[in-house]
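Here are a few exercises to work through with the sequence and the 3D view side by side. Try each task before reading its solution.

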Amino acid sequence: MTVLVLSGAIGAGKSSLTGMIAKELGTKAFYESVDDNPVLPLFYADPSKYAFLLQIYFLNTRFHSIKAALQDDNNVLDRSIYEDALFFQMNADMGRANQTEVAIYKDLLGNMMEELKGMPKKNPDLLVHIDVSYDTMIKRITKRGRSYEQIQTDPSLVDYYHRLLDYYDPWYKNYQYSPKIRIDGDRYDFVENPKDREIVMGQIKDKLHEMGKI
Ligand SMILES: Nc1ncnc2c1ncn2[C@@H]1O[C@H](COP(=O)(O)OP(=O)(O)O)[C@@H](O)[C@H]1O
Ligand SMILES: Nc1nc2c(ncn2[C@H]2C[C@H](O)[C@@H](COP(=O)(O)O)O2)c(=O)[nH]1
């Protein structure tokens with residue numbers, strides 16, 4: 001049984017690479033709730049009102065996926081639960097959540113992480129982190145075209161996205177729940193370019209091989 005989780009900023013390519021990994025390794029893919037997420041458009045329209053609700057929504061849906069994925073299959077998840085606190089901390093630092101909401105959220109997250117310790121597998125086997133620059137992130141967000149994520153629609157997102165990248169750097173450095181590998185998302189166009197896809201899949205497979213997982 002091997003469980004991989006992807007991490008990275010918005011539009012880094014997590015969902016795309018998740019599908020590719022699942023196909024290549026014959027594993028099951030789990031995707032975070034985005035298009036069917038009723039809170040996400042509300043959050044982008046009024047972040048201060050909906051930051052807490054959105055975080056609870058994501059935590060709940062991610063926990064459902066993790067419980068299924070950490071059972072006894074080969075699985076790949078398109079975002080890690082370990083990034084939830086990064087998002088909420090950043091939004092709280094921006095004044096979009098009050099101290100009571102932060103305390104309740106942290107307690108709930110801690111409580112859920114305790115539950116994971118009782119699972120057949122407690123942590124993922126490998127974190128695959130996709131690193132992107134601000135310019136690449138914006139290019140991909142534009143390409144995907146979700147209206148509420150566009151900087152043309154909401155110029156305050158320029159600051160939000162810059163901050164997010166600043167939070168990701170130390171987050172990745174400090175991540176220690178499993179072995180990890182960093183994919184250069186600026187360099188490799190693994191969506192459009194088959195050669196780049198082969199290189200990235202090779203990097204992931206080499207790491208799994210080194211770990212004795214394949
Ligand atoms: N390495 C890449 N090269 C070119 N396009 C990419 C790459 N990664 C993602 N994309 C494109 O960028 C958009 C966002 O990718 P997605 O996988 O949804 O990102 P995430 O799940 O990290 O938010 C999609 O339109 C996807 O086709
Ligand atoms: N405030 C939060 N927003 C989150 C969280 N997880 C995801 N998201 C947002 C970011 C994107 O707009 C969208 C999908 O994310 P992708 O990276 O897959 O494009 O959802 C979160 O925990 N808090």
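**Exercise 1: Glu 149**

Glu 149 sits in the loop that links α6 (134–144) to α7 (157–174); helices (H or I, at least four residues) and strands (E, at least two) are DSSP runs, numbered from the N terminus. Before going on, note that this is a predicted model, where local features need pLDDT of at least 70, side-chain atom pairs count only at pLDDT 80 or more, and totals for chains, interfaces and linings use all residues. Residues are numbered from 1 along each chain as its sequence is written, chains are lettered from A and ligands numbered from 1 in the order in which they are written, and side-chain values use heavy atoms, with hydrogens and water left out.

Task: Work out whether Glu 149 is buried or exposed, and list what Glu 149 is in contact with.

Step 1. Glu 149 has 2% relative accessibility, so it counts as buried (buried means under 20% relative accessible area, exposed over 50%, partly exposed in between; 1.4 Å probe, protein chains only).

Step 2. Skip the neighbours within four places in sequence, and Glu 149 is in contact with Ile 10, Tyr 44, Ile 141, Arg 144, Leu 157 and Tyr 161 (contact means heavy atoms within 4.5 Å).

Step 3. Now look at Arg 146: its side chain makes a polar contact with that of Glu 149, at 2.9 Å. A polar contact is a pair of N or O atoms within 3.5 Å; within protein, one must be able to donate a hydrogen and the other to accept it, and residues adjacent in sequence count only if both atoms are side-chain atoms.

**Exercise 2: the annotated sites**

Task: Find which residues UniProt lists under "binding site", then see where Glu 32 is found.

Step 1. The unreviewed UniProt entry puts this feature at Glu 32, Tyr 44, Gln 55, Arg 79, Asp 84 and Glu 149. UniProt positions are given in the numbering used here, feature names are shortened, and annotations may be inferred rather than shown by experiment.

Step 2. Glu 32 belongs to the loop between β2 and α2 (40–45). With 19% relative accessibility, Glu 32 counts as buried.

Step 3. Beyond its neighbours within four places in sequence, Glu 32 is in contact with Phe 58, Arg 62, Asp 78 and Arg 79.

**Exercise 3: the sheet**

Task: Trace the order of the strands in the open sheet.

Step 1. Five strands line up as β2-β3-β1-β4-β5, with parallel pairing (two strands pair if DSSP finds at least two bridges between them). At the edges are β2 (28–30) and β5 (180–184), each pairing on one side only.

Step 2. Take β1 (residues 3–8) and β4 (residues 126–131): they pair over five bridges. Ser 7 stands opposite His 129, and Gly 8 has Ile 130 as its bridge partner.

Step 3. On to β4 and β5, which also pair in the parallel sense over five bridges. Here His 129 stands opposite Arg 182.

Step 4. Why is β4 largely enclosed by the rest of the structure? Because five of its six residues are buried.

**Exercise 4: Trp 171**

Task: Say which helix holds Trp 171 and which residues Trp 171 is in contact with.

Step 1. Trp 171 lies in α7 and, at 14% relative accessibility, counts as buried.

Step 2. Leaving out neighbours within four places in sequence, the contacts of Trp 171 are Ser 7, Ser 80, Tyr 82, Glu 83, Leu 86, Leu 127 and His 129.

Step 3. Pick out Glu 83: 88 residues separate it from Trp 171 in sequence, yet their C-alpha atoms are 8.1 Å apart.
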